[in-house]
Amino acid sequence: MARRYNPAVKRRRLIFIFALLAVIAAATWLWREERLEQRYLPQIRAAAKRYGVDPLLVKAIVWRESRFNSKARGTSGEIGLMQIQEIAAQEWADAEHNPSFKHEHCFDPGTNTLAATFYLSKLLKRYAPADNPVPYALADYNAGRGNVLKWNTGVAATNSEAFIGQIGFPGTKAYVKSVMRRQELYSFLGRFGWN
């Protein structure tokens with residue numbers, strides 16, 4: 001006896017196949033992302049430990065700045081994993097008594113994460129009186145101190161939620177929020193053994 005054609009069964013099978021392919025694609029993408037992110041974890045952890053910064057915050061900045069591309073170049077002269085500019089990198093080199101330092105050394109993931117985490121540590125200390133210095137430091141890292149001084153007036157001088165609301169550049173506001181969300185994601189995933 002021949003089977004009868006049933007369009008509903010065919011439709012369910014196609015939906016199942018597409019769902020299965022979507023799950024496989026998502027799992028493959030997550031696996032690839034995780035491998036890429038793990039590649040520079042030793043350098044991130046070493047820099048974070050040396051300068052007393054949360055390694056998940058450093059990792060979130062690396063994700064946002066370069067998507068873990070150590071050869072990344074920015075439009076304003078920033079380079080490497082954390083897209084550090086020459087002035088900030090030189091400040092690190094001077095503090096570490098490294099007279100032979102050149103900005104190009106920041107293409108090395110270890111040097112880049114050390115220099116940028118040193119700078120980030122300095123920014124976090126600068127805004128320590130706030131209830132949460134992270135958004136201030138991130139805004140400074142992205143847009144510079146002069147702009148942060150414009151935005152941290154009144155209640156926003158110590159209230160990080162108010163400060164985020166007063167950030168005048170949409171790109172910087174998005175930057176601060178995305179890095180903080182990514183740090184939270186890494187913290188959440190860490191409870192399950194990721195990171």
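Visitor: How many helices and strands does the secondary structure of the chain come to?

Guide: This is a predicted model. The chain has nine helices and zero strands. Along the sequence the pattern reads α-α-α-α-α-α-α-α-α.

Visitor: How does the radius of gyration of the chain stand against that of a compact globule?

Guide: The chain has 22 Å, whereas a compact globule of 195 residues would have a value near 16 Å. The C-alpha trace spans about 85 × 45 × 35 Å along its principal axes.

Visitor: What share of the residues in the chain is buried?

Guide: Buried residues make up 41% of the 195 residues. The accessible surface comes to about 11,500 Å², and 58% of that surface belongs to carbon and sulfur atoms.

Visitor: What share of the contacts in the chain with a separation of 6 or more comes from residues 24 or more positions apart?

Guide: Such residues account for 56% of those contacts. A contact here requires heavy atoms within 4.5 Å.

Visitor: Which residues of helix 4 are buried?

Guide: In helix 4, residues 86–95, the buried residues are Ala88, Ala89, Trp92 and Ala93.

Visitor: Why are the buried residues of helix 4 said to line one face?

Guide: Viewed down the axis of helix 4, they fall within an arc of 140°, so they line one face of the helix. As background, an α-helix has 3.6 residues a turn, so residues three or four places apart point the same way. The cover over the buried residues of helix 4 includes helix 2 (41–51) and helix 5 (109–126).

Visitor: Is Gln83 buried or exposed?

Guide: Its relative accessible area is 9%, and the limit for buried is under 20%, so Gln83 is buried.

Visitor: Which residue with a positive phi follows helix 4?

Guide: That residue is His97, with a phi near 55°. His97 is a residue other than glycine, and lies in the loop between helix 4 and helix 5.

Visitor: How do you know whether His97 is buried or exposed?

Guide: Exposed means over 50% relative accessible area. His97 has 69% relative accessibility, so His97 counts as exposed.

Visitor: What makes Glu184 buried or exposed?

Guide: Glu184 has 55% relative accessibility, and the cut-off for exposed is over 50%, so Glu184 counts as exposed. Glu184 is found in helix 9, residues 170–190. Glu184 and Thr172 are twelve residues apart in sequence and 18 Å apart in space, C-alpha to C-alpha.

Visitor: How far apart are the mean positions of the positive and negative charges of the chain?

Guide: The mean positions of the 28 positive and 16 negative charges are 14 Å apart.

Methods. Residues are numbered from 1 along each chain as its sequence is written. This is a predicted model: local features need pLDDT of at least 70, side-chain atom pairs count only at pLDDT 80 or more; totals for chains, interfaces and linings use all residues. Side-chain values use heavy atoms; hydrogens and water are left out. Buried means under 20% relative accessible area, exposed over 50%, partly exposed in between (1.4 Å probe, protein chains only). Helices (H or I, at least four residues) and strands (E, at least two) are DSSP runs, numbered from the N terminus. The arc is that of the directions from the helix axis to the C-beta atoms. The radius of gyration is taken over C-alpha atoms; the globule rule is 2.2 Å times the number of residues to the power 0.38. Accessible areas come from the Shrake-Rupley method with a 1.4 Å probe; for residues, only the protein chains shown count as cover. Lys and Arg count as positive and Asp and Glu as negative; His and the chain ends are not counted. The place of a charge is taken as NZ of Lys, CZ of Arg, CG of Asp or CD of Glu.
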